[in-house]
Amino acid sequence: MPSIPTTNRGMEDIGVADFQTVRLSEKKSENEVVYRVSFTTEREAEKWLEEYSKVSRTGWIVLQTYPHTVRSDFRKKYACVFSNKNKKLPEGKSNKNLNCEMTMSLKIKLLTVDTKKKDPLLRGKHPLPGIVTIKGEHNHNVESSSVLRFMKPSTLLRAAFEDQFREGASPAVAIRLHESVLLAQENGRELLADSHFLPHPQTVYWWHRVWRELHIGPLNDPLIAIKQKIGLYKQKGVIVQVRDESPWAVFVATPVMIRAQAYFTSKSIIFVDTSASCDSTHCNVTLMLTGTKAGAVPIGVLLHEAQTTESYQSAFELFNATFPNAFGGASHPSMFMADNSSAEKGAIANVWPESLQMLCGFHIQYAASVEVLEESIEDLKTLSPDYFEKRVSGLLENKREWVQLFRADLPMGGHHTNNFAEATVRVLKDVILERTKAFNASALVEYISDAWETYLQTRLSRFAYRRDNRATLIYNDLLSRMPPEMAEKIVVIDEDTYHVPSAQTGEPTYEVTVSVGVCDCKAGAAGAFCKHQALVHEKFGRMFPNQPIITSADCYLIGQLAFGNECPKKSFFLGKKEKLEYFEKDLVQLENAAATFSEALKCSPRFPTMEVEIQERPDSPEAVLDEDIDGDEVFKNFVDKWKSIYNLGIESNKKGFLKQMQKTTKQMGNCKNHNSAYDALMRTTAAFSYQKARFGVEIGVNNPAIQRRAPGKSKGRKRLSAGRPLQNKKQVKPVLTQGCTKSKVGRPQKVEKRTKKKRCHVLSQSVNAGVPHIKKH
């Protein structure tokens with residue numbers, strides 16, 4: 001009997017339980033064992049071989065095939081993985097060439113009338129057409145860690161790792177998760193050495209590269225993979241549209257985003273912001289958001305090539321062509337809120353010329369009257385330096401877009417900043433991408449269609465199911481600002497208009513209009529839900545379109561936004577003792593308020609949209625060069641510098657330098673668009689500055705967040721630690737040194753660390769200071 005893994009145990013005992021097996025008693029030689037197995041196809045035979053390899057802890061490679069066999073359905077011969085088959089190095093110089101002579105032959109007999117007559121094992125309900133012939137014996141240990149690491153993983157194991165890749169796990173994370181699963185098994189410590197159960201890391205990274213090329217596409221051409229999966233996205237309810245003409249653009253809308261397009265606030269104001277640090281190719285991600293009662297919800301996500309007017313306009317036109325009435329049933333919203341990007345504003349003006357454009361008023365002055373505004377302008381001109389005056393003068397040219405004086409009669413919904421968009425970009429980077437850049441635009445589409453859709457549903461469900469009570473706290477806080485007796489002094493003008501008294505004077509001062517959710521106070525005039533509206537709601541039970549989530553009907557509408565037709569029934573959202581008939585009345589009032597608010601937007605005051613001067617960003621790859629710069633001269637100097645580098649490199653190591661030049665030239669061929677070319681030039685500049693750049697690095701913090709940090713804090717791109725500091729760390733506070741002056745932007749130019757001084761062992765000083773005295777021991 002040969003010393004094969006099945007010597008002391010039958011094949012029924014080694015785990016191939018899906019196949020019926022019979023061991024034949026006759027044999028042609030001493031070193032040969034023959035089995036009859038129930039596999040009937042080539043696929044079943046390969047599956048049997050994988051299972052047999054796992055339980056017997058052996059590995060096999062194809063030795064010979066018989067593609068033209070006529071006397072059998074399938075026939076293939078295998079050799080031990082440690083044989084000299086496909087080995088370049090001889091025995092003794094290769095880890096896998098042990099010259100093992102053990103072989104295995106798999107064969108499937110034909111099922112015909114003649115073969116059934118001659119072979120009794122082919123008759124009956126469960127025939128055994130498979131023939132397994134094992135010859136020879138192993139000349140090496142079988143259950144040794146040095147041998148098991150060379151085994152071949154099964155296709156099922158590869159499929160399990162690909163499922164983890166599909167969920168967003170990196171190869172390193174997938175390996176760690178699989179190791180933890182193996183350790184939880186009874187013999188997990190031994191399984192960690194067997195590549196049947198734990199593949200080599202290089203194998204996992206190879207699987208990931210193949211899977212990534214197939215499902216995500218190449219790095220510099222992701223549109224191919226996106227277009228191939230448009231049908232799969234549509235089956236999940238995700239709309240993906242691609243425009244592959246230059247400049248290219250991709251539009252993505254998940255089911256929640258599509259439902260948010262019909263939300264009544266989408267007709268009022270849309271928030272727009274762009275980020276270019278979400279993937280390795282630095283494609284631009286532009287978010288278009290609407291403000292709901294549960295926070296900002298995207299109505300669509302745009303991926304485009306560059307931050308130029310042409311690229312923005314291509315993306316916006318793709319959005320408009322896919323959903324022409326995406327703004328609460330209208331072809332355009334009342335206004336857009338964006339940053340001061342001339343390219344973005346110019347594209348919006350070209351695609352939606354009827355909409356107003358608002359500038360984010362974060363850290364920008366505001367005036368309550370024209371006199372105060374003019375006085376502030378004169379003060380800036382007299383007190384500020386020339387460069388600051390120039391900057392402010394540029395903002396004042398578009399003062400109608402950001403000065404709150406001109407927003408008094410516009411339905412802003414209380415939004416004077418673009419904080420909704422800034423917070424959503426942070427959610428994209430922190431929660432969806434987990435502060436790790438995606439591979440390319442195709443991977444970003446995967447994250448948006450899966451991870452972001454799940455996040456939106458779970459976040460909205462917290463408000464719909466009253467698991468987040470911030471809205472109730474805000475409502476109660478507004479009510480606490482109005483004395484209870486003021487409710488009796490409210491004057492009812494008609495069913496839609498109320499005069500609410502002032503909290504200080506008690507006189508009817510503020511007029512509240514329920515249908516459009518506005519008040520004469522500063523907050524209510526901008527469309528925010530103010531304390532006067534809260535008092536009217538508490539007293540008369542009127543529903544405002546801008547009220548927070550304070551009723552069961554509000555929760556139900558948010559639930560519909562989150563889950564659509566799969567939203568639970570209305571009774572699921574009722575209060576502890578609330579009746580369904582009152583719920584229905586509140587729901588009708590809210591729907592009527594939303595409809596009235598949408599109609600009122602058509603009659604809202606408007607000022608003429610100012611002409612936008614199109615200026616490309618100075619750091620954009622398509623930015624126009626200054627008139628004083630000669631492009632030919634710059635290129636000539638650039639080539640001359642590279643020639644000098646070449647002359648220096650070939651002096652000492654010509655062969656190595658030329659080989660490295662070949663690699664660099666090959667990598668330069670990957671630059672197939674202006675974005676990647678500009679990025680390659682920036683990385684080359686960083687390399688000469690001794691800064692190492694890597695793909696897949698951590699996403700840095702945006703510049704505005706860095707500039708808002710307190711004096712003494714780090715100005716790096718990494719996020720600062722939040723929460724209560726550890727007790728074992730010394731707290732260091734920044735202090736200004738003597739003679740330190742403040743910079744032009746109000747920050748100290750010099751900061752020193754305050755070190756703790758050693759206390760003196762003088763009793764009189766301790767008494768005067770009122771501190772416990774320190775004794776020497």
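Good morning. The model before you is predicted, so local features need pLDDT of at least 70 and side-chain atom pairs count only at pLDDT 80 or more, while totals for chains, interfaces and linings use all residues. Residues are numbered from 1 along each chain as its sequence is written, and side-chain values use heavy atoms, with hydrogens and water left out.

I begin with the whole protein. It has 26 helices and 19 strands; these are DSSP runs, numbered from the N terminus, with helices being H or I of at least four residues and strands being E of at least two. Of the 777 residues, 41% are buried. Here, buried means under 20% relative accessible area, exposed means over 50%, and partly exposed lies in between, with a 1.4 Å probe and protein chains only. The accessible surface comes to about 44,900 Å², and carbon and sulfur atoms account for 52% of that surface. These areas come from the Shrake-Rupley method with a 1.4 Å probe, and for residues only the protein chains shown count as cover. Turning to contacts, meaning heavy atoms within 4.5 Å, we consider those between residues at least 6 apart in sequence: 62% of them join residues at least 24 apart.

I now come to the salt bridges. How many does a search of the whole structure find? There are 20, each defined as a side-chain nitrogen of Lys or Arg within 4 Å of a carboxyl oxygen of Asp or Glu.

One of them joins Arg57 and Asp194, whose closest N and O atoms are 3.9 Å apart. Arg57 sits in the loop between α1 (42-56) and β3 (60-65), and Asp194 in the loop between α6 (188-191) and α7 (201-215), so that the pair links distant parts of the chain, 137 residues apart. Are these two residues buried or exposed? Both Arg57 and Asp194 are buried.

A second pair is Asp450 and Lys236, with 2.8 Å between the closest N and O atoms. Asp450 belongs to helix α16 (residues 441-464), whereas Lys236 is in the loop between α9 (230-235) and β7 (239-243); the bridge therefore ties together parts 214 residues apart in sequence. Asp450 is partly exposed at 30% relative accessible area, and Lys236 is partly exposed at 42%.
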